[in-house]
Amino acid sequence: MGYNVAIDGPAGAGKSTIAKLLAKEKGYIYVDTGALYRGLAIHFLDRSINAQDIGAVIEAVKEADVKIKYEDGAQQVYLNGRNITERLRGEEVGRMASATAKIPEVRDKLLMLQRNLAAEQDVVMDGRDIGTCVLPDAEVKIFLTASVKTRARRRYEELTGKGESCDLETIEEDIKKRDEQDMTRKTAPLKKAEDAYLVDSSDMTVEEVVRTIAALCKS
Ligand code: CDP
């Protein structure tokens, strides 16, 4: 049985940065579950499926085979045998992932894959429903958040750092919309598990957040 650390929280809270550093320090495998939803989103986008057309999404999901592999310690996502990791972080992909993640058939498709990864090895897994639904027995649960303004600025820096042109106000609006979508959906909404530690990273450095969480994990 693996040692499981679950980190949930809204878009831009810093989950992936923190989870990656924590995994490295502790020798755990980092599992980015958002990348799985993004992988399915690419499947829908490539088929020009409208996220509102639930029937078409449910049909298409049956033909999607998403797999995670680790190459030189980095997570790679494969969709029907093709490595699509490079395409995962696009804004359009994020919007499609959030819009389709509310569909139970989409979540079911990824549930066992996530549980199996955590059963086999020590993992730090980040997402929206890891502590509440995917790994309810995780040894450590964290709900990582930050103010909307801070999260929008971080996302802006992430995108401009990659040379993508974007606008801070649009990103802030997008983050608010994504929060609303993730928190109000019926299936596995984003919420803090009762037994999760709340960490607000608005005024914390990355190093401080990693130290805080590492202190809660077994040494
Ligand atoms: O990095 P960012 O916070 O923008 O998003 P992500 O973690 O890559 O996830 C993209 C979308 O997938 C989120 O907006 C969620 O709607 C959905 N998601 C989910 O529903 N459950 C998860 N465990 C992970 C992601």
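How many residues surround the ligand, and which are the closest?

1. In this predicted model, 20 residues surround the ligand, and the closest are R38, R107, R178, D182 and R185; a residue counts if one of its heavy atoms lies within 4 Å. Local features need pLDDT of at least 70, side-chain atom pairs count only at pLDDT 80 or more, and totals for chains, interfaces and linings use all residues. Residues are numbered from 1 along each chain as its sequence is written, and side-chain values use heavy atoms, with hydrogens and water left out.

2. Have a look at the polar side chains. R38 places a side-chain N or O atom 2.5 Å from an oxygen atom of the ligand, and for R178 the corresponding distance to a ligand oxygen atom is 2.9 Å. On a nitrogen atom of the ligand, a polar side-chain atom of T33 lies 3.0 Å away. The protein buries 97% of the 530 Å² that the ligand exposes when taken alone (Shrake-Rupley method, 1.4 Å probe).

3. Sorted by class, the shell holds ten charged, five polar and five nonpolar residues; here Asp, Glu, Lys and Arg count as charged, Ala, Val, Leu, Ile, Met, Phe, Trp, Tyr, Cys and Pro as nonpolar, and the others, Gly among them, as polar.

4. Strand 3 (residues 66-71) pairs with strand 4 (residues 74-79) in the antiparallel sense over six bridges (strands are DSSP E runs of at least two residues; pairing needs at least two DSSP bridges). Y70 has Q75 in strand 4 as its bridge partner. Two residues separate the strands, and D72 in the turn has a positive phi of about 50°.

How values were computed. Polar contact = N/O pair within 3.5 Å; in protein donor to acceptor, adjacent residues only side chain to side chain. Helix = DSSP H or I, 4+ residues; strand = E, 2+ residues; numbered from the N terminus.
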